[in-house]
Amino acid sequence: EEAYVFCTELQRLVTHLGVSEAVMQKGQMRFEPNVNVVIEAEGCESRTPIVEIKNLNSFRSVRQAIEYEAQRQIAAWEEDHDYQLGKASNENRGWNADRGVTEFQRRKEAAHDYRYFPDPDLAPVEVSDAMLEEIRATLPELPIARRRRFVGQYGLAVKDAETLVEHRATGELFERVIAKGAPAEVVGKQFVNVWLKLANDRGMAVTDLGVDAGRIAELA
């Protein structure tokens with residue numbers, strides 16, 4: 001569940017910052033969780049080998065693949081207690097969504113097997129504290145902080161705040177409407193139940209509907 005939430009928040013973050021559209025169906029974002037299990041039994045602790053599940057293309061697959069793989073590893077350890085990190089090989093496995101199972105692809109190489117070498121054309125970059133502070137100063141309000149503020153400042157339900165923050169420009173339009181004097185609770189419900197529905201039916205964002213903040217506030 002934590003991995004699922006992490007992945008959804010990462011997608012929100014990169015889209016909010018304009019780093020990527022991060023559309024899973026277009027291959028713009030993929031996840032490859034590494035899974036192993038700590039098993040405590042009879043006063044001893046065992047750790048199963050690390051399995052990397054390759055190329056997951058949906059949040060649902062992330063959740064299901066991790067759940068399945070954890071249980072598969074426990075079953076493998078129960079069958080053979082030598083199924084442990086350092087004794088058995090780490091693996092790459094694929095996720096078969098139709099069957100709901102991970103499938104063996106290959107054993108995992110160690111770092112030296114990849115034969116890494118320095119790129120002679122890349123100059124070293126030293127990041128100074130001043131550079132970090134300059135970058136921090138230019139960052140916009142990030143999705144988690146904005147959701148928390150929408151709930152606290154405007155009294156929105158958590159689910160409504162999540163929906164409004166999903167698209168950065170929509171959240172900014174919502175605040176412009178509030179600034180025009182419209183009641184936040186009414187505006188929040190109208191965004192979720194009216195404006196977002198109209199936008200989704202047309203395959204666009206609320207900000208592309210051509211209705212400005214003043215008009216939305218007047219209607220609210």
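Me: At roughly what angle do the axes of helix α4 (residues 143–154) and helix α5 (residues 158–165) cross?
Reply: This is a predicted model. In it, the axes of α4 and α5 come within 9 Å. Their crossing angle is roughly 135 degrees.

Me: Which word describes how α4 lies to α5: parallel, perpendicular, antiparallel or oblique?
Reply: Angles over 145 degrees count as roughly antiparallel, and 65 to 115 degrees as roughly perpendicular. The two axes cross at roughly 135 degrees, so α4 is, relative to α5, oblique.

Me: How many charged residues are in the contact of α4 with α5?
Reply: On the α4 side are Pro143, Arg146, Arg147, Phe150 and Val151. They meet Val158, Ala161, Glu162, Leu164 and Val165 of α5. By class, seven of the contact residues are nonpolar and none is polar, which leaves the charged residues at three.

Me: Is the crossing of α6 and α7 left-handed or right-handed?
Reply: Helix α6 covers residues 168–179 and helix α7 covers residues 184–201. Their axes come within 10 Å and cross at roughly 145 degrees. The handedness of this crossing is right-handed.

Me: Which residue in the hairpin of β2 and β3 takes a positive phi?
Reply: Strands β2 (residues 38–41) and β3 (residues 44–47) run antiparallel and are joined by four bridges. Ala41 has Cys44 of β3 as its bridge partner. Two residues lie between the strands, and the positive phi, near 55 degrees, belongs to Glu42.

Me: Which are the edge strands of the open sheet?
Reply: The sheet has four strands in the order β1-β4-β5-β6, with mixed pairing. An edge strand here pairs on one side only. That applies to β1 (34–35) and β6 (101–107).

Me: What angle does the direction of helix α2 (residues 59–79) make with that of β5?
Reply: Helix α2 packs on the sheet and touches β1, β4, β5 (91–96) and β6. Its direction, compared with that of β5, makes an angle of about 125 degrees.

Note on methods. Residues are numbered from 1 along each chain as its sequence is written. This is a predicted model: local features need pLDDT of at least 70, side-chain atom pairs count only at pLDDT 80 or more; totals for chains, interfaces and linings use all residues. Side-chain values use heavy atoms; hydrogens and water are left out. Axes are lines fitted to C-alpha atoms, for helices over the stretch in contact, and angles run from 0 to 180 degrees between N-to-C directions. A crossing is left-handed if the near helix is turned anticlockwise from the far one by less than a right angle, and right-handed if clockwise. Angles under 35 degrees count as roughly parallel, over 145 as roughly antiparallel, 65 to 115 as roughly perpendicular and the rest as oblique. Contact means heavy atoms within 4.5 Å. Two strands pair if DSSP finds at least two bridges between them.
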